[in-house]
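The exercises below are to be worked with the sequence and the coordinates at hand, and each is followed by a solution that goes step by step.

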Amino acid sequence: MEKLIITCALTGAEATKQDNPNLPVTPEEIAKAALEVRQAGASIVHLHARNEDGSPTQDKTVYAEIMRRIRETGNDIILQVSTGGAVGMTPEERIQPVTLRSKASDGSFSGGQATGLLPPYPEMASLTTGTVNFGNGVFLNTPSDIERFARVIQEHGVLPELEIFDAGMIRNALELRKKGLVPDNAPFDFVMGVAGGIPGTPRELLFLVESLPEGARWSVAGIGRAQLPLATMAILLGGHVRVGFEDNVYYAKGVLAESNAQLVARIVRLAKELGRAVAAPDEARHMLGIIG
Ligand code: KMH
Ligand code: ZN
């Protein structure tokens, strides 16, 4: 079985400090959390940005500051920006952070000022391939907007991660693949247990995995109490794992997590017990085909 890639979704757009006072919100807090999860064994961070008042923003200057601060700490973790943002944002707002990486005339990509080991630009971006009810709201992704997102991600040399909130989104993702708008190596991430999306149960996870084409790489992000059982299944089935405060602010029933790193460390321990080695960021880059 290939090494386990652990993604940590540090902040998200919905959780607040009232939900968990340890939620990282400012660029400084997010960079600190990113270093802690790297040290704990994560190889990808899924990033969201917040305004000073804690509300979600897709402002690329805030993303730029987050990524600059992450690299300034010497952190080599893979940087994945969100294009989901928050319910109600426009597509134009949501796509902004992807454009922090740009293509030069010689075909190379760049962005920002390198201040650490690696440049502070996005290597991956989330791409949701359908619309889903999201609590009391609607996470709206029209077919034309999804195609536009996929095109911009491609033009900026960023690897999309296909966010699957319900079964029909796999089919939509494969249509994008057929059209050449997402590469064949784009990984799938099953976000399971959102109120309005596919339930976070073992049966549903098996169904999603069996619905993928042969050889597709996948991870699972279980929401709330679904996080731990689905992550354990992914370790056993050869999938990959996403944890973090975006999806779950608890460590156990009624017990808030102390940090994102605490959630990552538990997955590393489980993987070790179950005989699955954990990938470092450069190993994950190699596996995912992220170059330059
Ligand atoms: N905040 C959700 C509405 C993503 O990052 O791509 C969407 C989301 C997905 O978080
Ligand atoms: Zn997200």
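For helices, an axis is a line fitted to the C-alpha atoms over the stretch in contact, and an angle runs from 0 to 180 degrees between N-to-C directions. The model treated here is a predicted one.

**Exercise 1.** Determine at what angle α6 and α7 pack, and which residues meet.

Solution. Helix α7 spans residues 227–237, and its axis lies 10 Å from that of α6, with an angle of about 40° between the two. Angles under 35 degrees would count as roughly parallel and those of 65 to 115 as roughly perpendicular, so α6 is oblique to α7. The crossing of these two helices is right-handed. On the α6 side the contact involves Pro202, Leu205 and Val209, which meet Pro229, Leu230, Met233 and Leu237 of α7. Sorted by class, the residues of this contact are 7 nonpolar, no polar and no charged.

**Exercise 2.** Decide whether Leu206 is buried or exposed.

Solution. Leu206 belongs to helix α6, residues 202–210. A residue counts as exposed if 12 or fewer other C-beta atoms lie within 10 Å of its own; Leu206 has 12, and is therefore exposed.

**Exercise 3.** State in which order the strands close into a barrel, and describe how β11 pairs with β12.

Solution. The barrel is closed by 8 strands in the order β1-β2-β5-β8-β11-β12-β13-β14, with parallel pairing, and the twist from one strand to the next averages 25°. Within this order, β11 (residues 159–164) and β12 (residues 188–192) pair in the parallel sense over 3 bridges, and Leu162 has Phe188 in β12 as its bridge partner.

Note on methods. Residues are numbered from 1 along each chain as its sequence is written. Chains are lettered from A and ligands numbered from 1 in the order in which they are written. This is a predicted model: local features need pLDDT of at least 70, side-chain atom pairs count only at pLDDT 80 or more; totals for chains, interfaces and linings use all residues. Two strands pair if DSSP finds at least two bridges between them. Helices (H or I, at least four residues) and strands (E, at least two) are DSSP runs, numbered from the N terminus. A residue is buried if 20 or more other C-beta atoms lie within 10 Å of its own, exposed if 12 or fewer, and partly exposed in between; C-beta atoms are placed from the backbone. Angles under 35 degrees count as roughly parallel, over 145 as roughly antiparallel, 65 to 115 as roughly perpendicular and the rest as oblique. A crossing is left-handed if the near helix is turned anticlockwise from the far one by less than a right angle, and right-handed if clockwise. Two residues are in contact if their C-beta atoms, placed from the backbone, lie within 7 Å. Ala, Val, Leu, Ile, Met, Phe, Trp, Tyr, Cys and Pro count as nonpolar, Asp, Glu, Lys and Arg as charged, and the others, Gly among them, as polar.
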